[in-house]
Amino acid sequence: MIGGYTGKLLRIDLTRRQTAVEDIDLKLARQFIGGRGYGAKLLFDELKPFTDPLSPENKIIYATGPVTGTPVLGANRYVVVTKSPETGLFLDSYSGGCFAPEMKFAGYDFMIIEGKSSAPVSLWIKDDRIEFHDAAHLWGKNAWDAETQLKKDVGDPTARVSVIGPAGEKLSNLALIQNEYYHQCGRGGAGAVMGSKNLKAIVVRGSRSIRIADPKKVMAMLRETIDRTDTMKPAVARMKYGSPLTLDSTNLFGILPTLNYKYGQFTGASQIDSVAFRKKVVRDTSCFGCTIGCTKVTRIEAGEHAGDEMGGPEYETNALLGSNLGIANMDEVIYLNMLCDSLGMDTIGVGNVIGWAIECCERGILSDSDVDGMDLKFGNVPVIAALITKIAYRRGIGDLLAKGVKQAAREVGKGSEEFAMHVKGLEYPAYRPGPASPGFGLAYAVSERGACHRRAWPTIEEQMLEPNSGKGRAALVKRLYDQRVPWHCALTCDFPVLFRGAQIPEAAQTLTAVTGWDLTTTDMQDLCDRVATLLKVFNLREGATEVDDTLAPRSFQPDETGMNRGKALTREMLLEMRQEYYTLRGWDKAGVPTPSTLHKLGLSDLI
Amino acid sequence: MKKPEIKKLLTDKTMCISCHQCEIVCSQFHFNGEVNPRRSRIRILENNFIGVSEPIVCRQCLKPACVAACPSGAITKDETLGRVMIAPHKCNGCLECLKGCPFHAIFIDERTQQPLVCDLCGGKPMCAQFCHIHPAHPYAAINFATPSEMAVIKTQTT
């Protein structure tokens with residue numbers, strides 16, 4: 001057997017309540033490794049084009065990789081691969097914690113969930129034993145209570161739970177899948193796909209071992225990576241402050257989303273920056289097998305909810321529920337994050353769509369009666385909190401906003417599309433593309449799942465390039481995208497990877513030591529192009545074209561204030577960068593992979 | 001004359017970040033590279049909801065209750081390292097030692113259903129080697145040290 005893999009795929013048919021264990025295809029595994037790559041290949045092969053994402057025909061694929069659960073730093077993630085109800089396109093959504101290793105200890109590299117249960121159901125997977133449990137008593141429960149209850153129901157506090165909240169049950173495009181309370185597959189409405197199948201949760205507990213090809217090499221590499229990480233200043237800062245460290249840089253560079261992305265700097269930034277955040281941290285915790293420990297438990301200090309604790313918030317939340325909504329108070333951001341997490345909603349999408357709704361109110365596009373008489377304003381926390389609950393349960397105006405910013409703006413019209421901040425339907429995360437960061441504009445535009453900050457992250461590197469220009473961005477975005485692909489297939493978290501500066505050769509060494517295959521840097525580079533091309537072809541098959549590889553109209557407006565006043569990231573700049581990027585990938589002018597590229601990557605059978 | 005102090009695995013739950021690295025390296029050391037926290041001789045007891053965790057491992061008792069609890073005489077104390085040893089050929093798998101240990105520091109090997117107890121990896125415990133000192137913390141959650149060495153570590157770092 002090849003090292004790292006369990007070699008098994010668990011297929012779960014919710015309609016017939018049947019399960020089957022299949023062997024994984026090692027030829028495909030060598031080509032696509034696992035995680036995003038193998039998951040995408042499975043979905044591409046098994047899903048008919050134009051499948052309704054919320055129909056029983058859509059599938060949810062839980063994918064790990066050969067490295068998951070092994071002694072490699074941060075090897076704890078799984079990816080949910082499905083067709084997104086929010087974008088109608090390819091979706092991969094990742095989560096850390098301990099669920100993914102547990103899936104492998106139970107003996108499965110992948111799980112494919114298909115069909116639809118006639119009544120709410122949860123799955124209990126303990127090694128070979130797979131049971132369908134009635135979930136009527138959990139339906140309607142928030143994600144936290146449901147997880148606690150599920151562990152009680154199976155009688156094992158060490159079981160791991162992947163669960164949806166009320167937002168997923170209500171098929172909200174902002175719904176996520178959550179495990180270990182504070183780890184989420186946040187983006188793209190994966191929770192709604194689970195909800196549409198009447199699947200509340202998957203509970204896993206395993207007792208099997210993961211075997212690796214070269215344990216000595218893997219252990220030596222683990223020692224070396226831990227020691228090297230400790231010498232890297234950004235990594236050590238990351239351990240202490242977690243992802244909220246990013247806010248200091250983004251505010252400085254002028255790319256911190258502020259008041260629905262109108263501005264790139266926030267006057268109240270010092271109230272929600274890394275120092276303000278660290279003051280709220282009461283405990284440092286970690287995901288499985290990672291010494292970074294960037295998961296922080298924070299406590300609300302003052303106000304009505306003083307004393308409440310939760311895991312988080314991350315940088316994206318501090319920006320989207322903080323600066324983007326004009327909230328300069330860490331306690332209040334923590335409180336809003338608690339609401340979103342327990343209700344099972346993506347804080348990025350929620351902060352984004354509420355920002356849009358507030359701007360609609362300011363401009364008179366939405367009237368008082370449209371928003372149920374609420375005094376919806378930037379910084380008005382009680383009203384925003386009430387609105388978050390309405391979105392989760394789809395009450396009043398919440399029903400519209402639960403569809404995500406693209407569909408909401410399309411329904412409301414009246415020019416609101418101009419400031420609906422999304423790409424392909426997925427809400428912008430916490431980096432504002434514009435003159436200060438044309439690179440992020442490109443990264444968002446060409447990302448297959450829509451506006452995404454985990455494909456390429458040019459925040460720091462872009463500062464070394466010529467400002468307010470598209471020069472060098474295409475090569476940078478491709479390099480940064482490719483740096484992560486092998487790890488997203490392996491599958492490990494990209495934080496420890498990035499902060500120790502691990503590049504493609506290190507991924508090749510790691511995968512070689514774990515699997516026993518002789519994988520070279522060239523193999524890894526091909527893997528990057530192969531996966532990016534496969535995802536592109538998936539989206540082309542669903543009808544997306546180069547027209548969709550663009551940004552929200554607001555991103556092309558000149559900045560009104562700040563260091564880049566009067567300057568803009570123009571459409572022409574984006575088109576030029578995009579063209580360059582397509583060419584680097586071996587795609588034609590319309591972003592369609594050329595026959596020779598497909599042939600070179602072994603993907604000729606795709607088109 | 002007072003006995004010389006021996007090194008023990010001294011744990012501090014307030015320093016534990018719940019990374020499970022100890023379980024990973026323990027199982028791979030004892031089972032020829034296999035990774036399986038359910039074959040580990042140290043376990044993390046955790047509550048993810050409130051974000052607290054604690055490493056549970058043999059405390060190397062002076063008068064081990066497990067030795068007394070074992071009906072087949074399979075558990076003995078190794079006075080050199082101060083550890084307890086389970087002789088597999090004598091063990092009848094009754095798991096009385098699990099019930100006997102007041103610290104719940106003997107575990108079941110979930111592959112074989114046999115008891116597992118810390119053997120200090122023969123003198124250089126892997127868990128202590130890989131327990132990382134988080135930058136927000138003064139020292140590691142798992143330390144292989146004598147009680148007086150530990151006291152020094154604590155005074156020097158805090």
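Q: How many salt bridges cross the interface of chain B and chain A?
A: The rule finds 4 in this predicted model.

Q: What does B:Glu110 pair with?
A: A:Arg205. Their closest N and O atoms are 2.6 Å apart.

Q: And how many residue pairs are in polar contact there?
A: The count is 23 between chain B and chain A, with both residues at pLDDT 80 or more.

Q: Which elements of chain B give two or more residues to that side?
A: α1 (21-30) and α4 (126-130) of chain B. α1(B) gives the most, with 4 residues.

Q: What about the area buried between the two chains?
A: About 3100 Å². Carbon and sulfur atoms give 56% of that. In residues, 33 of chain B are in contact with 47 of chain A.

Q: Switching to α20 of chain A. How many residues, and what span?
A: Helix α20(A) runs over residues 504-515, 12 residues in total. Its first and last C-alpha atoms are 16 Å apart, close to the 16 Å expected.

Q: Why is α20(A) called largely enclosed?
A: Because 9 of its 12 residues are buried. Among them are A:Ile504, A:Glu506, A:Leu511 and A:Val514.

Q: What covers those buried residues?
A: The cover includes α7 (215-231), α18 (473-490) and α21 (521-541), each of chain A.

Q: Which residue just after α20(A) takes a positive phi?
A: A:Gly516, with a phi of about 90°.

Notes. Residues numbered from 1 in each chain as written. Chains lettered and ligands numbered in written order. Predicted model: local features only at pLDDT ≥ 70, side-chain atom pairs only at ≥ 80, totals over all residues. Heavy atoms only, no water. Contact = heavy atoms within 4.5 Å. Buried area = accessible area lost by both parts, 1.4 Å probe. Salt bridge = Lys/Arg side-chain N within 4 Å of Asp/Glu carboxyl O. Polar contact = N/O pair within 3.5 Å; in protein donor to acceptor, adjacent residues only side chain to side chain. Expected span 1.5 Å × (residues − 1). Buried < 20%, exposed > 50% of the residue type's maximum accessible area, 1.4 Å probe, protein only.
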